[in-house]
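Here are a few notes from my look at this one. Have the structure open while you read.

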Amino acid sequence: MNGDEPAAAPLSLRERRWAVAVQEILAAAEDQIAENGPAALSLRAVARSLGMTVQALYHYFPSRDELITALVAKAYGDLADAVQKAVDTAPEDSDPPRMVIAAEGYRQWGVDHPERFQLIYGAPLRHYAAPAEGSSTRAVRRMSGIFQNELFRGFTREQLAAADYTALSPALERHLKEFLSPSALGGLPSPAVPILISAWGQMHGLVVLEVFGHTSFVGPHQAELFRMAMLAMLQDVRRRIPADVAAR
């Protein structure tokens with residue numbers, strides 16, 4: 001830590017107790033989701049499992065939506081942690097490439113936590129709308145940043161700007177220029193955006209199919225097929241990005 005930065009003030013006893021209670025509520029809610037699925041989440045059942053009243057639970061989470069938002073943000077955070085941990089264990093020249101390892105970390109978390117994966121990527125919960133800007137949005141951006149870094153690792157902005165992709169319509173080009181502020185998707189050049197979205201769709205789609213049981217016919221070979229698909233996807237991405245921008 002920088003010596004010029006002031007040390008954070010220690011939490012008070014009340015703040016520590018509050019933090020412990022919040023974590024216990026989230027853990028109880030996650031247990032209920034794992035047992036009954038996201039749609040069956042009940043604040044009354046969560047409170048009962050902790051030996052507290054619903055009114056006491058509302059003291060920590062004033063509404064069902066706030067509890068769901070905290071659960072969604074935590075699930076995204078735990079998923080991003082798993083992906084980052086997988087990437088951090090891989091050297092720069094790893095075989096398979098770090099992008100594939102990141103994708104496998106994503107898949108493994110989904111397979112290990114199917115109900116929580118469904119909470120964030122399954123059918124939207126009835127009568128719940130995530131806040132436009134909040135903890136869940138920040139968690140999604142963190143996840144996107146990890147994959148963006150690994151997918152385009154080693155390429156310059158000039159190379160990404162010269163990527164070979166189907167020509168964008170004028171309307172989509174204008175939209176991307178408005179959307180891609182320096183803080184959005186790391187300010188990616190517009191030709192790289194459909195490449196990122198397409199790669200994400202291929203990876204995520206395969207995981208969704210597996211988590212929701214649609215590829216069970218593959219049996220114990222799903223991890224092998226997933227790796228093959230990710231290697232092919234990464235090969236296609238690299239084929240589209242020129243090695244020599246000047247020559248192109």
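At what angle do helix H10 and helix H11 pack, and how far apart are their axes?

1. This is a predicted model, so read what follows as computed from it. Helix H10 covers residues 192–211 and helix H11 covers residues 222–240; they pack at an angle of about 175°, and their axes lie 10 Å apart. Angles over 145 degrees count as roughly antiparallel, which means H10 is roughly antiparallel to H11.

2. Now for who touches whom. H10 brings Ile195, Ala199, Gln202, Met203, Leu206, Val207 and Glu210 to the contact, while H11 answers with Gln222, Phe226, Ala229, Met230, Met233, Val237 and Arg240. Sorted by class, the H10 contact with H11 comes out at 10 nonpolar, 2 polar and 2 charged residues.

3. What lines the largest cavity? You'll find Met99, Phe147, Leu151, Leu196, Ala199, Trp200 and Met203 around it. By class that lining has 7 nonpolar residues, with no polar and no charged ones.

4. On the elements involved: helix H7 (135–151) and H10 each give two or more residues to the lining of the largest cavity. H10 gives the most, with 4 residues.

Technical notes:
Residues numbered from 1 in each chain as written. Predicted model: local features only at pLDDT ≥ 70, side-chain atom pairs only at ≥ 80, totals over all residues. Heavy atoms only, no water. Axes fitted to C-alpha atoms, helices over the stretch in contact; angles between N-to-C directions. Parallel < 35°, antiparallel > 145°, perpendicular 65-115°, else oblique. Contact = heavy atoms within 4.5 Å. Nonpolar A, V, L, I, M, F, W, Y, C, P; charged D, E, K, R; others polar. 1 Å grid on protein atoms, 1.4 Å probe; cavity = no way out; pocket = protein on both sides within 12 Å on 5 of 7 lines; lining within 4 Å.
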